[in-house]
Amino acid sequence: MQLYLPIADLPVNVFLVLAMGAAVGFVSGMFGIGGGFLMTPLLIFIGITPAVAVASVASHIAASSFSGAISYWRRRAIDPTLASVLLCGGVTGTALGVWTFTQLRALGQLDLMIALSYVVLLTTVGSLMFSEGLRALMRTRRGAVPPRRTHSWIHGLPLKMRFKRSKIYLSVIPVVIVGIMIGFIGAIMGIGGGFILVPIMIYLLRVPTSTVIGTSMVLTVATMLLATMLHAVTNHLVDAVLALILMVGGVTGAQFGARAGQKIRGEQLRLLLGLLILSVGVRFVIELVIRPEDLFTIRELGVSG
């Protein structure tokens with residue numbers, strides 16, 4: 001069943017897009033991530049322009065994360081104080097990211113920047129997470145004691161605040177900076193940033209894994225909702241039809257993913273997530289290297305004067 005997307009300006013198979021939304025929603029709920037790092041490339045691979053994909057996927061990420069966040073909220077696995085501090089930086093970063101997105105689009109460099117950003121970010125993060133997850137899995141099988149976590153220089157910074165649900169005493173400075181970074185990256189690349197935020201919170205900020213995923217989803221919901229509204233108002237690139245189909249599939253898949261994630265051990269989750277991120281990054285490398293069928297394209301950038 002073909003459906004025409006008005007903003008993307010091409011017909012798509014409704015069931016294919018719905019299945020993509022459900023699959024990415026499942027991944028989102030299982031790993032506690034927005035899923036944009038997977039959804040945006042999938043849309044690009046089926047022919048949707050990167051600009052429209054980035055702008056439209058934000059609403060799908062918000063819906064999937066909201067659905068998953070409800071499940072974690074019911075289990076009291078969200079730290080509301082930590083989420084609030086993250087949001088202070090996330091809102092600023094998202095606004096800055098949308099502004100940068102608009103400037104790159106005006107210069108005609110947006111598509112290339114999105115592709116290169118995915119290659120660098122996904123291959124780097126995926127490789128690190130895969131190798132760390134593999135080491136953790138090998139330690140578990142050998143019965144070795146995991147290395148003891150020690151406090152880093154970050155825990156010596158001023159303006160400390162007590163996050164009761166997570167049972168940590170931490171400076172708000174790195175938390176706000178992390179929020180800004182995640183919001184900025186999410187607005188430009190169409191990703192929730194959970195696959196970056198979760199490792200940072202666990203390994204750098206020493207947030208317990210019991211509250212990491214749910215808290216990450218709260219930040220994702222807020223930043224992606226803001227990104228959707230800003231992209232719609234400033235760039236007019238949000239395809240409402242595409243977003244609606246993705247949201248229906250994403251909300252459904254996230255509920256099943258959240259249940260599945262509770263049955264898998266932490267090191268296995270990290271290993272699978274790292275492998276998934278790495279594979280998407282490699283796919284983007286292949287796309288950049290392969291010689292295109294059409295060497296030249298005509299695109300209307302706008303009329304001035």
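**Helix packing in the protein chain**

Arg-206 is partly exposed, with a relative accessible area of 21%; by the cut-offs used here, residues under 20% relative accessible area are buried, those over 50% are exposed, and those in between are partly exposed (1.4 Å probe, protein chains only). The model is predicted, and local features were required to have a pLDDT of at least 70 and side-chain atom pairs a pLDDT of 80 or more, whereas totals for chains, interfaces and linings use all residues. Residues are numbered from 1 along each chain as its sequence is written, and side-chain values use heavy atoms, with hydrogens and water left out.

Arg-206 is found in the loop between α7 and α8. This residue has a positive phi of about 60°, although it is not a glycine. A positive phi is also found just after helix α2, where Gly-47 has a value of about 110°.

The protein chain contains 10 helices and four strands, taken from DSSP runs (H or I, at least four residues, for helices; E, at least two, for strands) and numbered from the N terminus. Starting at the N terminus, the order of the elements is β-β-α-α-α-α-α-β-β-α-α-α-α-α. The chain has 305 residues, and 51% of them count as buried. Its accessible surface is about 14,900 Å², with 68% belonging to carbon and sulfur atoms; the areas come from the Shrake-Rupley method with a 1.4 Å probe, and for residues only the protein chains shown count as cover. Contact is defined as heavy atoms within 4.5 Å. Among contacts between residues at least 6 apart in sequence, 79% join residues at least 24 apart.

Helix α2 (residues 36–45) is mostly covered, with eight of its 10 residues buried. These are Gly-36, Phe-37, Leu-38, Met-39, Thr-40, Pro-41, Leu-43 and Ile-44. Thr-40 is also one of the residues touched by Val-54, which is found in helix α3. Val-54 is buried, its relative accessible area being 1%. Leaving out residues up to four places away in sequence, Val-54 also touches Phe-101, Ile-114, Ala-187, Ile-188, Met-189, Gly-190 and His-231. Val-54 and His-231 are 177 residues apart along the chain, and their C-alpha atoms are separated by 9.2 Å.

The pairing of helix α4 (residues 80–107) with α8 was examined next. Their axes come within 9 Å and cross at roughly 30°; axes are lines fitted to C-alpha atoms, for helices over the stretch in contact, and angles run from 0 to 180 degrees between N-to-C directions. The two helices are therefore roughly parallel to each other, since angles under 35 degrees count as roughly parallel, over 145 as roughly antiparallel, 65 to 115 as roughly perpendicular and the rest as oblique. The crossing of α4 and α8 is right-handed, that is, the near helix is turned clockwise from the far one by less than a right angle, anticlockwise being left-handed. Residues of α4 in this contact include Leu-82, Leu-86, Thr-94 and Phe-101, and those of α8 include Val-218, Ala-222, Leu-226 and His-231. The contact divides into 14 nonpolar, seven polar and no charged residues; Ala, Val, Leu, Ile, Met, Phe, Trp, Tyr, Cys and Pro count as nonpolar, Asp, Glu, Lys and Arg as charged, and the others, Gly among them, as polar.

Leu-225 lies in helix α8 (residues 209–234) and is partly exposed, at 46% relative accessible area. Leu-225 and Thr-94 are 131 residues apart in sequence, with a C-alpha to C-alpha distance of 9.9 Å.

In the loop between α3 (50–74) and α4 lies Asp-79, which counts as buried at 0% relative accessibility. Apart from its neighbours within four places in sequence, Asp-79 is in contact with Phe-163, Lys-164, Arg-165, Ser-166, Thr-211 and Thr-215.

Helix α7 (residues 194–204) packs against two helices. The axes of α7 and α8 come within 10 Å and cross at roughly 145°, and the crossing is right-handed. Gly-194, Leu-197, Val-198, Met-201 and Ile-202 of α7 make this contact with Thr-209, Val-212, Thr-215, Ser-216 and Leu-219 of α8. By class, six of these residues are nonpolar, four are polar and none is charged.

The axes of helix α6 (residues 172–189) and α7 also come within 10 Å, crossing at roughly 165°. α6 and α7 are therefore roughly antiparallel to each other, and α6 passes α7 in a right-handed crossing. Val-178, Met-181, Ile-182 and Ile-185 of α6 meet Ile-196, Leu-197 and Ile-200 of α7. The contact of α6 with α7 holds seven nonpolar, no polar and no charged residues.
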